[in-house]
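Please keep the sequence and the structure in view while reading.

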Amino acid sequence: MESEYRKWHKIQVVSCIIYAVFMVLLWWMIFAELSYTLMVIMAVIATVSLVLTTASGLIRAFIGHKMGLKSTKKDWLIVCIAIILVIIYFAIKHF
């Protein structure tokens, strides 16, 4: 059970980083006025990464709850980063 918890934690962190990188690249592509096809591909990858971050966080929270773990400051930090990235996503989407 603990190995699954750590596995989902790694998946969550990696997908969160990938989301942040693709959002920065997407923002840069918008300002550089590059190919729309490439922008759509980047946006789709960023959206999938955001969904994966959220889903892995929920799965990890469920596994942690079954193990009797309580949330830590590190967990709240990841949640805050994910919320900030969602806000950035919607801000860029409205530009």
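Arg 6 and Glu 2 are joined by a salt bridge, in which the closest N and O atoms are 2.8 Å apart. A salt bridge is a side-chain nitrogen of Lys or Arg within 4 Å of a carboxyl oxygen of Asp or Glu. Side chains of opposite charge can pair when their charged atoms come close. The structure holds 1 salt bridge. Both Arg 6 and Glu 2 belong to helix H1, where they stand 4 residues apart, about one turn of the helix.

The model is predicted; local features need pLDDT of at least 70, side-chain atom pairs count only at pLDDT 80 or more, and totals for chains, interfaces and linings use all residues. Residues are numbered from 1 along each chain as its sequence is written, and side-chain values use heavy atoms, with hydrogens and water left out.

**Overall build**

Helices (H or I, at least four residues) and strands (E, at least two) are DSSP runs, numbered from the N terminus. The C-alpha atoms fill a box of roughly 50 × 20 × 15 Å, taken along the principal axes. Contact means heavy atoms within 4.5 Å; among contacts between residues at least 6 apart in sequence, 77% join residues at least 24 apart.

Confidence is expressed as pLDDT, the predictor's confidence in each residue, from 0 to 100. Its mean over the chain is 84, and 98% of the residues reach 70 or more. Confidence is highest in helix H1 (residues 2-32), at a mean of 88, and lowest in H3, at 78.

**Buried and exposed residues**

A residue is buried under 20% relative accessible area, exposed over 50% and partly exposed in between (1.4 Å probe, protein chains only). Buried residues make up 29% of the 95 residues in the chain. Several individual residues are listed below.

| Residue | Relative accessible area | Class |
|---|---|---|
| Glu 2 | 44% | partly exposed |
| Cys 16 | 10% | buried |
| Trp 28 | 52% | exposed |
| Glu 33 | 69% | exposed |
| Cys 80 | 41% | partly exposed |
| Ile 88 | 33% | partly exposed |

Trp 28 is found in helix H1. Together with Val 13, Ile 17, Val 21, Leu 25 and Leu 34, Trp 28 forms a nonpolar surface patch with about 510 Å² of accessible area. Such a patch consists of residues with over 30% relative accessible area and no salt bridge, its nonpolar side chains (Val, Leu, Ile, Met, Phe, Trp, Tyr) being joined within 5 Å. The chain exposes about 6,800 Å², of which carbon and sulfur atoms supply 76%.

**Cysteines**

How many disulfides does the structure contain? A disulfide is a pair of cysteine sulfur atoms within 2.5 Å, and by this rule the count is 0. Cys 16 is in no disulfide, and the nearest cysteine sulfur, that of Cys 80, is 11 Å away.

**The loop residue Glu 33**

Glu 33 is found in the loop between H1 and helix H2 (36-67). Most residues other than glycine have a negative phi. Glu 33, although not a glycine, has a positive phi of about 55 degrees. Ile 88, by contrast, is placed in helix H3 (residues 73-94). Ile 88 and Glu 33 are 55 residues apart in sequence and 19 Å apart in space, C-alpha to C-alpha.

Technical notes. Patches are made of residues with over 30% relative accessible area and no salt bridge: like charges are joined within 9 Å, nonpolar side chains (Val, Leu, Ile, Met, Phe, Trp, Tyr) within 5 Å. Accessible areas come from the Shrake-Rupley method with a 1.4 Å probe; for residues, only the protein chains shown count as cover.
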